[in-house]
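Please have a look at it first.

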Amino acid sequence: MPRSAPIFTNFTAGELSPRLEGRVDLQKYPNGCKTLENMIVQKHGPASRRGGFYFSSEVKDSSKKTRLLPFEFSATQAYIIEFGDQYVRFYKNYGQIQSGPFEEVFDNDFNKGSTFEVSTPYLEAELFELVITQSADVLYIAHKNHAPRTLSRLSDTSWTLAVITFLDGPYNSVNATDTTLGLSATTGTGVTITASAVTGINDDQGFLTTDIGRFIRFEDASNKETYLKITARADTTHVTADFIGPDASATTPQTGWRLGAFSDTTGYPSVVTFFEQRLVWAATTTRPQSLFFSVSADFENHAPTDVDGDVLDDSGFVYTIATDQVNTIRWMRSGKVLSIGTAGGEFIVSQGDQNSPLSPTNTRVVRQTTFGSAAVTPPQVGNSVLFLQRASRKVREYVYQFETDAFTAPDLSILSEHITEGGIIEIAYQQEPDSIVWMARADGKLVGMTYERAQDVIGWHQHTIGGTNAKIESVAVIPSQDGSQDDLWAVIQRTINGSSVRYIEFLTNGLVEGSSNTEQATFLDSMLSYNGSPATTLFGLSHLEGQTVSVLADGAAHPDRTVSSGSITLNASYNTVHVGLPYTSTLETMRIEAGAKDGTAQGKKKRIARITYRLYQTLGLKHGPTSSRLDIIPFRSSADDMDEAPALFTGDKEIEFPRNWDKDGHIVLVQDQPLPMTVLAIMPELNTTKT
């Protein structure tokens, strides 16, 4: 009966696919888990219980889906924007911005003025198609059904949403037909433009009512360029327009004209980003493969030439990706090159001459990979872009490879493909403290991937949110108020008191680094906290009406309570209380591969006699061979005061393992109290036999 004492030194591979149960030959096998739920892989190697989600506010209308988007002015001044059906609301410093003064009652439960909001044209069904990019106090918004807009911040309670009034352009290609356009005047407003035919205008349909508001750029007989904006349409060959650009030198009909690229006729760009001091729009309805570059350092000007018709290095320009199939542009990310994801493959935009800036005559677009991308904006992490493949199930790392002088896109989800089943709908990157890529799955599950490429850490974990029918619908990340970390925010749908609600909540750290006790532990969802003079009855819990909630009172687990009339009554008076919905954290190892006398330990009966857990700032655990057979691990000693919570434990906890013989050799650790749990290593003492 061979005996062995293997060690699980780290959990950096995260939760592995059930399809890898037999791959004990994989280098990452001993660092992976069969189950890692409501646990976070830390980049150093430990697995730590995730913090709870803290309640901030209910969305404006819980019957409709809502999306969160970040607005980051600086590392210490950032906002979460609640995009709902035809409105936006704003959050700062963990609370909702109001139009009047407020008084804090029970932390984030406020008695205050009306909520500040701004009206928008974006419908519920369009919210997850919005693409944004930001420059200082201005957020640029793209959507295929709406003219591009800016959301500008003047102060916390002064925001404006406006349609961008482009100074000039962008335009489609210059007319290549014999159709001429003539002007009734060389300056002013109310100018009649007459077309000699409908050929070349809107696929030979002529002028349409949807052309109102569209630019027309006109080259006159003196080769001078001017441009007008259409204000009315009479018929297919006549429109009225106002001069925006310089006066024309003549009214003679000319073939040298071009129509604006953005309009109700052509559709509007669905993607936007910045690259080399240019604002870049892409993918209109009629030109899904085209990129529209602004004039350099003049973001709302797309003039393709100067007044003399000369193309300058800083002129705006349009580039259409030429491929053998329609490759609708799905995302763009700016770095040393402009990375582009399309439905059929991934490309880069760079300068043809690397010693010169990007310009209309110095632009090169090259396909790099052919996986195809989903229409979900990917995060940029260091030098890599982490994008979703077309079916929204594989996460790929788009990164430059020096050896091949090209970009590659390895599959980061290949060892944990089960976690992304059902598809990912949104991604957000939390750089601090643990470098985690958070994802909202289509079925409402929260998925995380700890990503630290330099240390070869790619560890997946999934999270079940506390509460009835709880689903994550949107995620976004902004820097914390003090700039010390990044905060994950989420829209969470739940059933509360028989009704479906949607709450905006943010993820806590769970435990302040360096804490020696659990008084400030925040391991509950939709939670609120009380800190003050001793209290027995707590109010301000109306968002959890009718729910059975867990309570952590002065650092100790308190019997559950049911919220009634927005309040609960405790069994004594406490100074520090956390109240919220419970969740269970589970770590289950892969099958142990150690200790066989002849070959593999797989398929052989084994028994763990004793086990040592190396823990960090932990209290209150259960362990066993399966989730249905668990023993409590004692942490309280005779030296602890019985009326106080035990101190957090850091060190080795040696204990007898619930005895059994089986062929799996799984080790299960569970935390179902509102207390912390960090596992550094697991060291079982193992006996293995053939029978």
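Let me start with a term: a residue is called buried if its relative accessible area is under 20%, exposed if that value is over 50%, and partly exposed in between, using a 1.4 Å probe and the protein chains only. What we are looking at is a predicted model, in which local features need pLDDT of at least 70 and side-chain atom pairs count only at pLDDT 80 or more, while totals for chains, interfaces and linings use all residues. Residues are numbered from 1 along each chain as its sequence is written, and side-chain values use heavy atoms, without hydrogens and water.

Of the 691 residues in the protein, 56% are buried. The protein has 53 strands and zero helices, where strands (E, at least two residues) and helices (H or I, at least four) are DSSP runs numbered from the N terminus. Along the principal axes, its C-alpha atoms fill a box of roughly 100 × 65 × 40 Å.

Now, which way do the side chains of strand β19 point?

Strand β18 (residues 181-183) runs antiparallel to β19 and is joined to it by three bridges, with L181 partnering A195. Strand β22 (residues 238-243) pairs with β19 over four bridges, again in the antiparallel sense, and there A241 stands opposite V191.

Key
Pairing = 2+ DSSP bridges.
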